Amino acid sequence: MNRYTEPRAHLISLLQHAVSLALPGNTGVIELDRPKQSSHGDFACNIAMQLAKTLKRPPREVAQAVIAALPASNLLDKAEIAGPGFINLFLKPAAWQSLATHILSQGDAWGRLDLGRGERIQVEFVSANPTGPLHVGHGRGAAFGASLANVLAQAGYQVHREYYVNDAGRQMDILALSTWLRYLELCNEFVPFPGNAYQGGYVRTMADSIAALHGDRYKRAAAEVVAGAPDAESDAEGRLDALIANAKRLLGADYAYIHGFALEEQLGDGRNDLTEFGVVFDTWFSEKTLHESGLIDRAVESLRHHGHLYEQDGALWFRSTAFGDEKDRVVRRDNGIYTYFAADIAYHLNKFERGFERVIDIWGADHHGYIPRVKGALSAAGADADRLHVALVQFAVLYRNGQKASMSTRSGEYVTLRDLRAEVGNDAARFFYVLRKSDQHLDFDLDLAKSQSNDNPVYYIQYAHARIASVMNAWGGVEADLLDAEVARLEQPQEIALLKRLGEYPGVIAIAAQDYAPHTLAYYLKDLAADLHGLYVACQFLVEDEALRDARLALITATRRVLKNGLALLGVSAPDKM
RNA sequence: GCCCACGUAGCUCAGUGGAUAGAGCAUUCCCCUCCUAAGGGAAGGGUCGCAGGUUCGAUUCCUGCCGUGGGCGCCA
């Protein structure tokens, strides 16, 4: 049986032992990094340079003392002093070889960590207003959030995925109004369609459905609809609000039907879209329920109780400047209606009340100015704002033949997530979205995402997986038999390189989880695929020598596992054939 | 004006308090009688925006400046 020992932890314990032996009383933090150059060993340690100052001895001399005190190890080949005082550590091949069968025996457990120790963590993402189809900007938030949630779960957190539904605000009223106006057109009641209402064709589609279902039940005279409204030239937003008020008055209880119909249609559409994209949620949390259940009243009352509210100009203000915000914010308007901010305070307090030890919000980067006031409000209400983490996602800009496609929901001219998925496929879309750090602008090259060539990193990685599947298929044996492979036969440089790469996987998961950086996993998979392709070209797997063959098959099967596992975390498929 | 990011090869971007800063594309050259050439190998290409500071050591941390993008509603 080939027992595997994690090299890094092993070396750290060796070094700690050596330091305490050679330099009693000195307890520096042992750090190991992976040198860029192979001539600098497999790991390098800077402890001698750290301790040299307090010891008042030359770093190289300290390094020599540490090396002399290193205990014997069956993994460590040699340790050298190098440069200003590095200790370069070279491992025996055996340190890596056993990884091949180890990963096979671990199965899906390889790469699963216990960093989170079961901590309950909520990831809230997408949370787009259900006022129209999701666009490519939402797509990035969806891909990032889903991948991050998967990575966190892999790292041992108990993850809860949530979508906050803005079903109570003015934007929803505008959508309901837009739908109704289109419906009135079908009833031959023509109100000039406001330029700042929702223009998209999906609004007409909803109007058609309502007309088909209910005839002219919701018909009202155009003159009544516009009665008393300011003209669009002088006050476009005021006109919109007046039309909404008229709609509510004229329709009475039926307004709720139009509103609810539009909400259900758009929310359902978004849910289907996301599900097809491999993005699923545990909870769809309704903003409306915050109003209805009195949670907002309670949240505001809490702020008042702590003495952080005041009234001015008929509105109720939160003194957020006392918590680092640049100006105070309104929580209840002079018309008595709570602001979105008030609902958000209640929502975040509710998140903590539900027992999440950490809450991650994924917002568009244009909301960054919103962070101080939300954190401030949480602190003001007596909650621990440090448990809220906000990850910002920059917009994605699509490029086709160097041409930009900008987007604006109201004008109805934008590229939808569905369009994007249809054009490049779910795999390419998911992968390209997380190929950049989330808080950086993303230039999404549609032509590249579609190309079936080695330029396309998605295909490159999937091809590595398919190649392995093809070899295993040609072999036709039983995978479990490879557990006893003689891994000591893996001596080629490409084999060792691949083994080392496989050994990095748990560390990559850890970094991706800790830094909220699933892109590191995407880059790792590219590197892993490159190592596999390099080995593929250099070595024949199905060779006469059965012991060698089985060792190599164990190695590539282990690679296949990691590729598949890593791709799954990113929501990308791992095909056996391409 | 204030706040937040970013500035690394011709292009798109990784990366790190350490030793000679990487990948893909693009350019030039080479490798299939063999498990998928959607692959591999080699070469060229850099004052890590500029200037100070902290440090044994800075592309990485801090400050200023320049440049780019975004944010600064009783919208959501």
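Guide: What follows goes from the strands to the rings and then to the helices.

This is a predicted model, in which local features need pLDDT of at least 70 and side-chain atom pairs count only at pLDDT 80 or more, whereas totals for chains, interfaces and linings use all residues. Residues are numbered from 1 along each chain as its sequence is written, chains are lettered from A and ligands numbered from 1 in the order in which they are written, and side-chain values use heavy atoms, with hydrogens and water left out.

The sheet in question is open and has 5 strands in the order β7-β6-β5-β11-β12, paired in parallel. Strands here are DSSP runs of E with at least two residues, helices are runs of H or I with at least four, and both are numbered from the N terminus; two strands pair if DSSP finds at least two bridges between them. At the edges stand β7 and β12, each with a single partner strand, so one side of each is left without a neighbour in the sheet. If direction is ignored, neighbouring strands are turned by 25° against each other on average, the axes being lines fitted to C-alpha atoms, for helices over the stretch in contact, with angles that run from 0 to 180 degrees between N-to-C directions.

Between β6 and β7, which run parallel, there are 4 bridges, and across this pairing Tyr163 stands opposite Trp284 in β7. Rings of Phe, Tyr and Trp (the six-membered ring of Trp) pair if their centres lie within 6.5 Å, with planes under 30 degrees apart counted as stacked, over 60 as edge-to-face and the rest as tilted. By this rule there are 24 aromatic pairs. One of them has the rings of Phe125 and Phe281, with centres 4.6 Å apart and planes at 40°, so this pair is tilted. Phe125 lies in the loop between β5 (120–124) and α6 (136–154), and Phe281 in the loop between α11 (254–276) and β7 (283–286), so that distant parts of the chain, 156 residues apart, are linked. Buried means under 20% relative accessible area, exposed over 50% and partly exposed in between, for a 1.4 Å probe and protein chains only; Phe125 is buried at 0%, and Phe281, at 12%, also counts as buried.

The rings of Tyr163 and Trp284 have centres 4.4 Å apart and planes at 25°, so this pair is stacked. Tyr163 is buried, with a relative accessible area of 4%, whereas Trp284 is partly exposed at 23%.

Tyr164 also lies in strand β6 and is buried, with a relative accessible area of 1%. Contact means heavy atoms within 4.5 Å, and, leaving aside residues up to four places away in sequence, Tyr164 touches Glu124, Ser127, Phe285, Glu287, Leu290, Tyr340, Ala343, Asp344 and Tyr347. Ring pairs join Tyr164 to a cluster that also includes Phe285, Phe318, Phe323, Tyr340, Phe341, Tyr347, Trp363 and Tyr370. Tyr164 and Glu61, by comparison, are 103 residues apart in sequence and 60 Å apart in space, C-alpha to C-alpha.

Helix α14 lies across β5, β6, β7, β11 and β12, and runs at about 160° to β6. The strands β11 (358–364) and β12 (388–393), together with α14 (340–353), are among the elements against which the buried residues of α15 pack, and the others are α13 (295–305), β9 (315–318) and β10 (329–332). Helix α15 (residues 371–380) is mostly covered, with 7 of its 10 residues buried; these are Ile371, Arg373, Val374, Gly376, Ala377, Leu378 and Ala380. After α15 comes Gly382, whose phi is positive, near 90°.

A charge sits over a ring if NZ of Lys or CZ of Arg is within 6 Å of the ring centre and within 35 degrees of the ring normal. The charged end of Arg387 is placed in this way over the ring of Phe352, at 4.4 Å from its centre.
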